[in-house]
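Please look through the sequence and the structure shown here before reading on. The paragraphs that follow lead from a single side chain to the wider picture.

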Amino acid sequence: MEETYKDRTSLVKGAKDIAKEVKRQAVKKVNKAVDKAQDGYTQRSYNRFQDEEDDDDYYVQGGSYGVEANDDEGSSEATEGHDEDDEIYEGEYQGIPNMGQGKDGMVALGQPMHDEYKDRHELETERKADEEELAQQYELIIQECGHGRFQWALFFVLGMALMADGIEVFVVGFVLPSAETDMCIPNSGSGWLGSIVYLGMMVGAFFWGGLADKVGRRQSLLICMSVNGFFAFLSSFVQGYGFFLFCRLFSGFGIGGAVPTVFSYFSEVLAREKRGEHLSWLCMFWMIGGIYASAMAWAIIPHYGWSFSMGSAYQFHSWRVFVIVCALPCVSSVVALTFMPESPRFLLEVGKHDEAWMILKQIHDTNMRARGQPEKVFTVNRIKTPKQIDELIEIESDTGTWYRRCFVRIRTELYGIWLTFMRCFNYPVKDNTIKLTAVWFTLSFGYYGLSVWFPDVIKHLQSDEYASRVKHFHNEEVSHFVFNFTLENQIHSNGEYINDRFIMMKFKSVTFEDSLFKNCVFEDITSLNTYFRNCTFVNTTFYNTDLEQYKFVNSELINCTFFHIRTGCQISFDDDYSAYWIYFVNFLGTLAVLPGNIVSALLMDRIGRLTMLGGSMVLSGISCFFLWFGTSESMMIGMLCLYNGLTISAWNSLDVITVELYPTDRRATGFGFLNALCKAAAVLGNLIFGSLVGITKAIPILLASTVLVCGGLVGLRLPDTRTQVLM
């Protein structure tokens, strides 16, 4: 507006005073401005400014504010034309233009400034003030709602999702031996299964965590658990190893979002004095998932009578039944989640006041009815919502095709997730993110490096003991003899077998070296880890055996005949009890965390999160160091149980600290990033520790002990969140 006005000086002076008072009230109470003048006022805007209209004696008419009209005036003078001498006060808040003001930028006197006249820094400052006020008010509201039936119902629903995450970690180790044999996986490709599942969980944790801050905790959790359940079921039916890897990759991608979303979701319906304890109780479902997977593997996988086949192309063995059974908790959580509401804290964060109020009233009424106080009224009628900073996005709705619009929408959502992630490294959460990164990485590296690959240590000890009991036979001369029994763990050197018959036999870990077989018959033979090295076969017949060409190493076959040779992989667990042993060890290791879970839940709010975190990691590092002195299987298993029991307190306290250190608008994103880092550290620990397990056990154990102690010391530098409200 370029003209100046000189008349009506007293009126302009009064309008200036009113404008200053409105501006002061807007800064003090941080009220929300009207979005667009032509859209009118919504009911929520009316409620928000109703109190101020009564106090300041100005009213809304035609989309602009004016001073109270005199009796002899037909309309507000603030909207009339001005003379050349009217004075303009540059930089003052002059309201929102009405429909007739157009492009000249004129605004009505006495109105709060529209957001388009404020820079982003000012909007973010107002939003931060709103969030601080909301945090205090929300804590009081949750305390009024109480802790009761609603929280316990949500506790079990989210517990099933967390249980599915624990199962996913153990399924890979339990299924791998059977899947390798069933699908004829070479040794060079067997490591891909474990790695690709963790890769999927790593990507999924980051993606679903970021999505939970964009679309909501409940919706994100529903989608990610549905993806996990679908591909877990599908993986139990596929036959090819490549397709099986593809299904397990997306199954891991889906379940990766469980941990960050579950803890963010549950923490937002808990009062401050209940948060640490009940989040720790929730962690127990991860342990229950491990116990469930161990028990089901123990009961199902070795029973190969539970399998069926459809010709030679389709085989459905018992390990596939185990995969289906392990997907049941995931499906149960999806069904139960459909009856649960969205997090009211998230809804308030995105400005959905009415929906959040209805859910909070539902929580209050549910808990009061369970207490026998249905007459108690929910007294909250208005909740502070942070100022919404709109991001304008062009979707090409008029000219773009549907797939173009979908591509732009997906790209926009991914970019929004990335921006939210980058805000985790802004003040004041930057230092906390860096410290949490160090703690999460060291704890994951030490824990998964020893626990997930610990069955290899047991198998290595067993193989050493098995090899020490091998029997050697030298210079045997056997003729016209019928072998119809099992040979196991033997080495035969420089032997001669003339006119012998090997009928309905099992060779298990048997090696023949520099031996001669002449006029012999091999019929109905099953072999496991059996080889013929530098041997000579003359006029020998092989009928219905699994002695393939690769089992004859540098051997010479002269005038030999093969009939009905069984090719491919043969599952033979009939006499192999090592599978039972592995399941039992994992069962004990998982069950050992029960005391640690109980102790951490009871003491989390008493001794504090930091003391629990630092003390648990340091003690775990010390117990890990003593694994170096384990010389027997029983001693190693006992130390593993002690190690797991001490480590679980660190995990529980770290989960609680993480959700409390991040504000609501980036809580799930920050948690998802740290959980993704956890999976990356697990893969790294598996690779390093697995490559050294057959060489030396000193380096992995010392490495795990060192990183755990260092991580615990860093954890002690985090801020104490025991007494702070959920920001």
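A place to begin is Ser555, which sits in the loop between β16 (552-553) and β17 (556-558); strands (E, at least two residues) and helices (H or I, at least four residues) are DSSP runs, numbered from the N terminus. The side chain of Ser555 reaches the backbone nitrogen of Cys535 at 3.2 Å, a polar contact, meaning a pair of N or O atoms within 3.5 Å, where within protein one must be able to donate a hydrogen and the other to accept it, and where residues adjacent in sequence count only if both atoms are side-chain atoms. Leaving aside the neighbours within four places in sequence, Ser555 is in contact (heavy atoms within 4.5 Å) with Phe532, Arg533, Asn534, Cys535 and Phe537.

This is a predicted model, in which local features need pLDDT of at least 70 and side-chain atom pairs count only at pLDDT 80 or more, while totals for chains, interfaces and linings use all residues. Residues are numbered from 1 along each chain as its sequence is written, and side-chain values use heavy atoms, with hydrogens and water left out. The chain averages a pLDDT of 75, and 72% of the residues score at least 70, pLDDT being the predictor's confidence in each residue, from 0 to 100. Over residues 1-12 pLDDT stays under 50, and the model has 30 contacts beyond four places in sequence for them; over residues 573-577 pLDDT also stays under 50, with 7 such contacts. Where pLDDT is low, the predicted coordinates should not be read in detail.

Another serine, Ser653, is found in helix α20 (residues 633-661). Ser653 counts as buried because its relative accessibility is 0%; buried means under 20% relative accessible area, exposed over 50%, and partly exposed in between (1.4 Å probe, protein chains only). A polar atom of the Ser653 side chain lies 2.9 Å from the backbone oxygen of Ser649. Beyond its neighbours within four places in sequence, Ser653 is in contact with Met604, Arg609, Met612 and Leu613, and its C-alpha atom is separated by 8.6 Å from that of Gly608, 45 residues apart along the chain.

Arg609, one of those contacts of Ser653, also forms a salt bridge with Asp605, the closest N and O atoms being 2.6 Å apart. A salt bridge is a side-chain nitrogen of Lys or Arg within 4 Å of a carboxyl oxygen of Asp or Glu, and by this rule the count comes to 13. Arg609 counts as buried at 0% relative accessibility, whereas Asp605, at 23%, counts as partly exposed.

Asp365 and Lys361 meet in a salt bridge of 2.7 Å, N to O, and because they are 4 residues apart in helix α13 (residues 353-370), they are separated by about one helical turn. Asp365 counts as buried at 18% relative accessibility, while Lys361 is partly exposed at 30%. Asp213 and Arg217 form a salt bridge whose closest N and O atoms are 2.7 Å apart, and both residues are buried. Asp213, Arg217, Glu268 and Arg667 are linked in a network of salt bridges.

On the surface, Leu591, Leu594, Ile598, Val599, Leu602, Leu603 and Ile607 form a nonpolar patch. Helix α18 (residues 593-607) gives the most to this patch, with 6 residues; Leu603 lies in this helix and counts as partly exposed at 31% relative accessibility.

Terms used. Patches are made of residues with over 30% relative accessible area and no salt bridge: like charges are joined within 9 Å, nonpolar side chains (Val, Leu, Ile, Met, Phe, Trp, Tyr) within 5 Å. Accessible areas come from the Shrake-Rupley method with a 1.4 Å probe; for residues, only the protein chains shown count as cover.
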